[in-house]
Amino acid sequence: MTVLTSVETYRIAVPLKKPFKTALRTVEAAEAVIVHLATQDGRSGFGEAPPTHVITGDTLDAIEQAIQLIGTGLIGMDLRRRDQLFDKLHKTLVGNTSAKAAVDMALYDLIAQQAGMPLTQFLGGYHEAIETDYTVSVNAPAEMAEDAAVCERAGFTVLKVKVGIDSSENDFSRIQAIRKRVGDKATLRLDANQGWDPKSAVRIINRMEAAGFNIELIEQPVPAHDIEGLKFVTDRTLTPIMADESVFSPVDARRVLEMRAADLINIKLMKAGGIHRAMKINALAESFGVPCMTGSMIETKLGLSAAAHFAASQPNITRFDFDAPLMLKEDLVPGGIQYSGKDIRFSDEPGLGIDAGRFLETLRERRG
Ligand code: MG
């Protein structure tokens with residue numbers, strides 16, 4: 001019998017190489033709660049949850065307490081009864097999607113280990129390897145153009161450009177400066193992080209279309225709650241529009257899909273509450289002919305391993321925004337996915353492929 005026997009949490013903080021700036025926040029370090037689930041037969045499963053207050057509402061203390069509450073309820077349960085575990089996980093408390101995602105990742109890590117397969121194969125195994133974009137933080141146009149050029153030189157072919165922090169006029173200048181600097185080759189996707197209102201979004205997008213900036217897609221142009229506004233933008237522009245902060249749950253996804261309010265959905269484990277719900281959102285989107293991207297918050301390679309194993313498993317997930325670990329000054333996570341520039345590969349190790357002994361040693365040292 002593979003029964004869950006314990007849950008423990010650790011806190012970590014890893015500084016970023018350069019501050020990460022969006023319309024919603026500036027981040028200088030990746031903070032997270034790490035969860036470790038152990039089983040009767042001596043296996044370890046790991047998960048991670050960062051406190052992204054401005055998006056999920058989750059703080060470090062709240063995440064830690066929610067993980068303890070959920071984890072304690074799962075002790076004694078059998079990993080082979082997968083849907084019982086996830087049912088319990090989601091019914092223990094409402095909200096708290098980051099804590100749920102951390103526990104969900106650790107459970108999937110264990111379930112795939114028990115099945116003897118890498119998690120991505122266990123979930124579907126569609127893509128053998130994937131490529132990530134790289135984010136250009138929102139700053140003055142000249143600095144963004146320089147950052148974009150650095151990314152391009154480092155081999156990234158898809159740049160995700162953050163906009164929406166001040167006026168849409170300035171955003172036009174930002175993209176103009178970047179296009180001028182990197183030329184036509186790079187794929188540019190923009191993320192306004194809710195920073196525009198519907199009418200100015202239509203105006204700026206139409207202007208960029210007329211200027212021939214060739215933008216691949218625009219993420220979350222308007223505030224998260226404004227689904228009618230999102231549809232207003234989608235209906236009046238040719239550039240594909242992606243819902244991010246507007247879609248946390250499968251219920252949110254169904255509303256956006258039924259209204260045809262967006263052309264694409266960005267699924268993140270921290271919004272969905274983990275892989276179990278992320279699979280449901282993706283299946284719904286697929287049934288509407290809407291492809292998905294998978295992204296992350298500012299997370300370490302642990303959270304990104306779970307996200308990448310999920311994303312690579314599904315044919316409907318066609319875009320990958322997995323650059324967060326590349327922004328960190330150090331990598332605390334032994335094993336997991338392997339980065340080589342923009343390329344992400346998976347090992348043949350079962351589950352998430354984390355070296356449990358070494359990782360626990362690091363976590364305990366840091367706890368002091
Ligand atoms: Mg986004």
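What follows is a working chat about a predicted model of a protein structure.

Colleague: Can we start with the metal, and which residues are the protein donors of the magnesium ion?
Modeller: In this predicted model the protein donors are Asp-191, through OD, Glu-219, through OE, and Asp-244, again through OD, and they lie 2.0 to 2.3 Å from the magnesium ion.

Colleague: And how are the donor residues spaced in sequence?
Modeller: The spacing of the donor residues reads D-x27-E-x24-D. Glu-219 belongs to strand β8, residues 215–219, while Asp-244 sits in the loop between β9 (241–243) and α10 (250–259), and this pair, 25 residues apart, links distant parts of the chain.

Colleague: Is Glu-219 buried or exposed?
Modeller: Glu-219 counts as buried because its relative accessibility is 0%, and Asp-244 counts as buried too, with a relative accessibility of 1%.

Colleague: Let's move to β9, then; which strand do two bridges join it to?
Modeller: Two bridges join β9 to β10, and these two strands run parallel. Within that pairing, Ala-243 has Ile-265 of β10 as its bridge partner.

Colleague: What about the faces of β10, are they covered or open?
Modeller: Both faces of β10, residues 264–267, are covered, with Leu-264 and Asn-266 buried on one side and Ile-265 and Ile-267 buried on the other.

Colleague: How many bridges join β13 to β14?
Modeller: Three bridges join β13 to β14, residues 343–345, and the two run antiparallel. As one detail of this region, Ser-340 stands opposite Asp-343 in β14.

Colleague: New topic, helices: how far does α8 reach?
Modeller: Helix α8 covers residues 198–210, which is 13 residues, and it reaches 18 Å from its first C-alpha to its last, close to the 18 Å expected at 1.5 Å a residue.

Colleague: Which residues in α8 are buried, and what covers them?
Modeller: The buried residues of α8 are Pro-198, Ser-200, Ala-201, Val-202, Ile-204, Ile-205 and Met-208. What covers them includes the helices α7 (168–182) and α9 (227–236) together with the strands β7 (187–191), β8 and β9.

Colleague: And α4, how many of its residues are buried?
Modeller: Of the 19 residues of α4, 17 are buried, so this helix is largely enclosed by the rest of the structure. Its span also agrees with expectation, because the 19 residues, 97–115, should span 27 Å at 1.5 Å a residue and the end C-alpha atoms are 26 Å apart. Gly-116 follows α4, and its phi is positive, near 75°.

Colleague: How many aromatic pairs does the count come to?
Modeller: The count comes to five aromatic pairs. In one of them, Phe-46 and Phe-359 have ring centres 5.0 Å apart and planes at 70°, so the pair is edge-to-face. Phe-46 lies in strand β3 and Phe-359 in helix α14 (356–367), so the pair ties together parts that are 313 residues apart in sequence. Both Phe-46 and Phe-359 are buried.

Colleague: Why does the pair of Tyr-134 and Phe-156 count as tilted?
Modeller: The ring planes of Tyr-134 and Phe-156 are at 50°, with the centres 4.9 Å apart, so the pair is tilted, because a pair counts as edge-to-face over 60 degrees and as stacked under 30. Tyr-134 is buried, with a relative accessible area of 17%, and Phe-156 counts as buried at 7% relative accessibility.

Colleague: Last one, where does Thr-52 lie, and what is it in contact with?
Modeller: Thr-52 lies in the loop between β3 (44–49) and α1 (53–56). Leaving aside neighbours within four places in sequence, Thr-52 is in contact with Arg-25, Gly-57, Asp-58 and Met-297, and at 1% relative accessibility Thr-52 counts as buried.

Technical notes. Residues are numbered from 1 along each chain as its sequence is written. This is a predicted model: local features need pLDDT of at least 70, side-chain atom pairs count only at pLDDT 80 or more; totals for chains, interfaces and linings use all residues. Side-chain values use heavy atoms; hydrogens and water are left out. Two strands pair if DSSP finds at least two bridges between them. Helices (H or I, at least four residues) and strands (E, at least two) are DSSP runs, numbered from the N terminus. Donors are N, O and S atoms within 2.8 Å of the metal (3.2 Å for Na, K and Ca); water is not among the atoms, so sites may look incomplete. Buried means under 20% relative accessible area, exposed over 50%, partly exposed in between (1.4 Å probe, protein chains only). Contact means heavy atoms within 4.5 Å. The expected span of a helix is 1.5 Å times one less than its number of residues. Rings of Phe, Tyr and Trp (its six-membered ring) pair if their centres lie within 6.5 Å; planes under 30 degrees apart count as stacked, over 60 as edge-to-face and the rest as tilted.
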